[in-house]
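Please keep the sequence and the model in view while working through the points.

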Amino acid sequence: MSKYELLLLLNLPFVIFGLLKALMAYRTKLIDGLTFILRVLFWLIILAGLIFAEQIYTYLYNHGLTDSSPLSLPDVVLATGVILCLSLCFSAYSKIDAMEKRFSDLHEKISVLASKNKL
Amino acid sequence: MIPAYNEGTVIGEVLDDLLKYIKKNRLKNVTVMVINDGSKDNTAEVVKKRKGVVLINHLLNSGAGAAARTGLGFGRDNGFDYLVSMDADGQHATEDAARVLAEIRKGQADVVIGSRLADVKGMPWYRVMLNKGGGLFTFLLFGIFVEDSQSGLRGYNRNALQKLTFHSNNYTYNSELMWRIKQNKLTIKEIPIKAIYSDYSMSKGQTNWEVIHIVRQLLKFRILEFFNE
C-alpha cells in the first residue's frame with residue numbers, strides 16, 4: 001500500500017463523518033440548504049485533496065511551486081494526528097460551548113426567580 | 001429595559017426622566033425594568049428607591065449581552081407586546097426611547113433601532129469609526145447591513161421577542177443579534193436618534209481594545225456555527 005493510499009485510508013473516516021453529520025443536520029432541519037451545500041462542498045474539497053494528494057504534489061513540484069520532499073510515513077502519521085487533534089479540540093469546544101449556554105440560561109432564570117421572590 | 005453595570009451615579013436620573021415621562025403622558029401598562037448585572041456599586045439601591053421599577057439582579061456579573069438576554073427573556077416570559085431597551089449611562093434621551101416605542105407599535109418592523117449615526121455631530125471621530133466599523137464588519141460576516149448595529153436603543157415587538165435569542169455575553173451580542181434577526185427573517189427599521197455624550201458616558205461602553213476581542217469572537221462564531229448546529 002502506498003503512503004498516499006494510507007493517508008486517504010486514515011483520514012477518510014473524518015470526511016465520511018463530516019458528510020454524514022451535515023446530512024443528518026440537514027434532514028433534521030438544523031441547517032438550511034445553503035449551509036448544507038457549503039458543508040458538503042467543504043468536505044468534498046478535502047476528499048479531493050486526499051485522493052489527488054500525489055498528483056497535486058507532482059504538479060506543484062514540476063512547476064516549481066514547492067521544494068518539499070515527497071510524502072513520508074511520518075508525514076502521514078503527523079497529518080492524521082493533527083487532524084485527529086483538531087477534531088478532538090472542536091468536539092471539546094462544542095461541549096464546553098453547550099455547557100456555557102446552559103449555565104448562562106440557568107444563571108438568568110435563577111436571577112429572575114430570586115428577584116421576583118424579593119419583590 | 002435598562003441593562004446596568006456600576007451605573008449608580010447616573011441611573012437614578014435616567015429612571016426619574018423615564019418615570020416622569022410615563023406619568024406626564026399617562027402611559028399605561030408600561031413596565032420599567034432594570035437588569036443589574038452584578039454591580040459592585042449602589043446601582044441596586046438607587047433603583048430600589050424608585051417605585052414601580054422592576055429590578056432583576058444578576059447574581060454574577062455576566063456582561064452586557066447576558067443582561068440584555070435576561071431582559072428579553074423576562075419580556076418574552078411575561079407576555080410583553082413590545083420591549084424597548086436603552087442604555088443606563090444617560091446616553092439616550094427618554095423622548096427617543098418613546099419614539100422607538102411609537103415606531104415599533106406602528107407594526108412596520110419587528111425590530112426598530114435608534115441610529116446615532118444619522119447625525120454624528122458631537123460624537124468623537126473614533127466612536128464614529130468604531131460604530132461604522134462594527135456595522136461594516138457585521139455586514140461582511142453576516143450579510144446584514146444596519147447603519148448603527150451597536151446602538152443600545154432598540155425596540156422589539158412580540159414576534160421578535162419570541163424568536164430572538166443569542167449566545168454572546170459581552171458587547172459581541174450587538175452584532176450577533178443582527179445575525180439572528182436575519183436568520184429569523186425579522187424586519188428592521190432604523191430611525192435617527194440623538195446621542196447625549198458626557199464624560200461619564202464616554203468612559204462607558206465598548207473600548208477600542210474590546211473591538212479586537214469582539215471581532216475575534218464573531219469570527220469564531222461564524223466558523224463554529226458552520227460546522228456545529
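1. A helix, as the word is used here, is a DSSP run of H or I of at least four residues, and helices are numbered from the N terminus. The model under discussion is a predicted one. With that term in hand, consider helix 7 of chain B, in which B:Glu176 and B:Arg180 both lie, four residues apart, or about one turn of the helix. These two residues form a salt bridge, and their closest N and O atoms are 2.7 Å apart.

2. Side chains of opposite charge can pair when their charged atoms come close.

3. The surroundings of this pair deserve attention. Helix 7 of chain B is mostly covered, with nine of its eleven residues buried. Among the buried residues of this helix are B:Tyr173, B:Leu177, B:Met178, B:Trp179 and B:Ile181. Just after helix 7 of chain B comes B:Lys185, which takes a positive phi of about 55°.

4. Which residues touch the most other members of the largest nonpolar core? They are B:Met33, B:Leu83, B:Tyr156, B:Leu164 and B:Ile181, in a core of 32 residues. The elements of chain B that give two or more residues to this core include strand 2 (32-36), strand 5 (111-115), helix 5 (125-142) and helix 6 (158-163). Helix 7 of chain B gives the most, with five residues. In soluble globular proteins, nonpolar side chains tend to be buried together.

5. Leaving aside residues up to four places away in sequence, B:Ile181 touches B:Val111, B:Ile144, B:Leu164, B:Leu186 and B:Ile188.

6. B:Glu103 counts as buried, because its relative accessibility is 10%. B:Lys106 counts as exposed, because its relative accessibility is 53%. B:Glu103, B:Lys106 and B:Lys189 are linked in a network of salt bridges.

7. The contact takes 23 residues from chain B and 25 residues from chain A. Together the two chains bury about 2100 Å², of which 62% is on carbon and sulfur atoms. The size of an interface is often given as the accessible area lost when the parts come together.

8. What polar links cross this interface? Between chain B and chain A there are seven residue pairs in polar contact, both residues being at pLDDT 80 or more. One salt bridge is found across the interface: the side chains of A:Glu108 and B:Arg69 meet at 2.9 Å, N to O. On the side of chain B that touches chain A, the elements giving two or more residues are strand 3 (53-57), helix 3 (64-77) and helix 9 (208-227) of chain B. By class, that side has ten nonpolar, eight polar and five charged residues.

9. A last point concerns a polar residue of chain A. A:Asn11 lies in helix 1 (residues 3-27) of chain A. A:Asn11 counts as buried because its relative accessibility is 2%. The side chain of A:Asn11 makes a polar contact, at 3.4 Å, with the side chain of A:Thr80. Not counting residues up to four places away in sequence, A:Asn11 touches A:Leu50, A:Thr80 and A:Ile83.

Key. Residues numbered from 1 in each chain as written. Chains lettered and ligands numbered in written order. Predicted model: local features only at pLDDT ≥ 70, side-chain atom pairs only at ≥ 80, totals over all residues. Heavy atoms only, no water. Contact = heavy atoms within 4.5 Å. Buried area = accessible area lost by both parts, 1.4 Å probe. Salt bridge = Lys/Arg side-chain N within 4 Å of Asp/Glu carboxyl O. Polar contact = N/O pair within 3.5 Å; in protein donor to acceptor, adjacent residues only side chain to side chain. Nonpolar A, V, L, I, M, F, W, Y, C, P; charged D, E, K, R; others polar. Core = buried A, V, L, I, M, F, W, Y, C linked by side-chain atoms within 4.5 Å. Buried < 20%, exposed > 50% of the residue type's maximum accessible area, 1.4 Å probe, protein only.
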